[in-house]
Amino acid sequence: MWDALWIGGRLATMADARAAPYGAIEDGAVAAKDGKIAWLGARHELSGPAESLARTVHRLDGRWLTPGLIDCHTHLVYGGDRAREFEQRLEGASYEEISRAGGGIVSTVQATRAADEDTLTAAAKRRLLTLLAEGVSVVEIKSGYGLDLENELKQLRVARRLGEDLPVTVRTSFLGAHAVPPEYKDRSDGYIDAVVAMIPAVAASGLADAVDGFCENIAFSAAQTARVFEAARAQGLPVKLHADQLSDLGGAALVARYGGLSADHLEYTSEAGVAALAKAGTAAVLLPGAFYTLRETKQPPLEALRKAGVPIALASDSNPGSAPLTSLLLTMNMACTLFRMTPEEALLGVTRQGAKALGLGASHGTLEVGKAADFAIWDIEHPAELAYRMGFNPLAGAVKAGTARGTV
């Protein structure tokens, strides 16, 4: 028998939009066994009465069931906050000016270094619980606020701990090349030497699933980033990149050259960068929360990404400075309103394409037999409502690895 069976709902499988928008199955059923999807289809295709097929039967009463949502780019583990910088930007200071004056990432580094693991865990758990309350089942968490080996590993340990304490799959990224710490002021090449030296220890710890970087005028050059990627490659770790957010330094093409999992931000990416992503099969991760918070006006090249067939994921970019956002539903709305994505593209961006951006496409992101039985159940009449409404959370229940963790 199956462990559990959900019947009488509408399934947004997100697996094959050619058959129907959202890959929808009306009056569908989905079964789980050993934490994975064992069967799905129209309810009338079941081989017998529901109670004879599964130990537990859940009735959806017409609700929509989607894959669990995936937030594929976050910085959830950090100390302190940067509310004063929010005020400064409203008073006319730019993100770059604040960073060069010792604010920005470096101020969060100081607070994160000062905090112990329990303090960081408690604060990050509150942020993560807010995401889980909106149907998130997979989250990526970066380091990058330690900027030395001890504190980077501290952040990564906290991220792993969150995945052990809560019903969520956590993927981690080592973001040592996030900013130049105070002790390396005006010595960015020397700090990159330090990051390269950290990577073998990070790999040996087993705490990182990927290596990330920030290729930008206020961070690191393409040549410096390439050195980090070479070190990651030597340790067998996949790479991803904060690319072309504030200017076009060729970040998209750079991470594509290394077969990267994703290129993230992309507001200033050129046509050549888009072509490189398409050729490499690297996902584009758009982050409308940062675009909104920084009041950016240069939009990512959405139409070029569409035409090139680049997978387009969405994420919250939850962080204390440029995206103090813990709502993937609001992220979807922003993507539609600010970038003119369709609601279906937005939902794909936080399911199928989000999984692709984390290298989890074979196991997560769609409702298909053999994939993780991670579901979100919604009190809505149409999936477009998930991107349409603001400040509205219609989650009726959630399922992680076949086990219900909500009200349905």
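Entry one, aromatic rings. I'm working with a predicted model. I started with Tyr78 and Tyr145, and both are buried. Their rings form an edge-to-face aromatic pair, 6.2 Å centre to centre with 75° between the planes. Tyr78 sits in the loop between strand S6 and helix H1, and Tyr145 in the loop between strand S7 and helix H5, so this pair ties together parts that are 67 residues apart in sequence.

I then searched the whole structure and got seven aromatic pairs. One of them is Trp2 with Trp39, which is stacked: 6.0 Å centre to centre, 25° between the planes. Trp2 lies in strand S1 and Trp39 in strand S3, so the pair ties together parts 37 residues apart in sequence. Trp2 counts as buried at 18% relative accessibility. I also noted that ring pairs link Tyr184, Tyr191 and Phe220 into a cluster.

How many disulfides does the structure hold? I found zero. For Cys215, the nearest cysteine sulfur is that of Cys72, 19 Å away. A disulfide needs the sulfurs within 2.5 Å, so Cys215 is in none. Cys215 is buried, with a relative accessible area of 1%. Cys336 is in no disulfide either, with the sulfur of Cys72 nearest at 16 Å. Cys336 counts as buried too, at 16% relative accessibility.

The axes of H6 and H7 come within 9 Å and cross at roughly 10°. That makes H6 roughly parallel to H7. The contact includes Ile192 and Val196 of H6 and Val228 and Ala231 of H7. By class, I noted seven nonpolar, two polar and three charged residues there.

Key:
Residues are numbered from 1 along each chain as its sequence is written. This is a predicted model: local features need pLDDT of at least 70, side-chain atom pairs count only at pLDDT 80 or more; totals for chains, interfaces and linings use all residues. Side-chain values use heavy atoms; hydrogens and water are left out. Axes are lines fitted to C-alpha atoms, for helices over the stretch in contact, and angles run from 0 to 180 degrees between N-to-C directions. Helices (H or I, at least four residues) and strands (E, at least two) are DSSP runs, numbered from the N terminus. Angles under 35 degrees count as roughly parallel, over 145 as roughly antiparallel, 65 to 115 as roughly perpendicular and the rest as oblique. Contact means heavy atoms within 4.5 Å. Ala, Val, Leu, Ile, Met, Phe, Trp, Tyr, Cys and Pro count as nonpolar, Asp, Glu, Lys and Arg as charged, and the others, Gly among them, as polar. Buried means under 20% relative accessible area, exposed over 50%, partly exposed in between (1.4 Å probe, protein chains only). Rings of Phe, Tyr and Trp (its six-membered ring) pair if their centres lie within 6.5 Å; planes under 30 degrees apart count as stacked, over 60 as edge-to-face and the rest as tilted.
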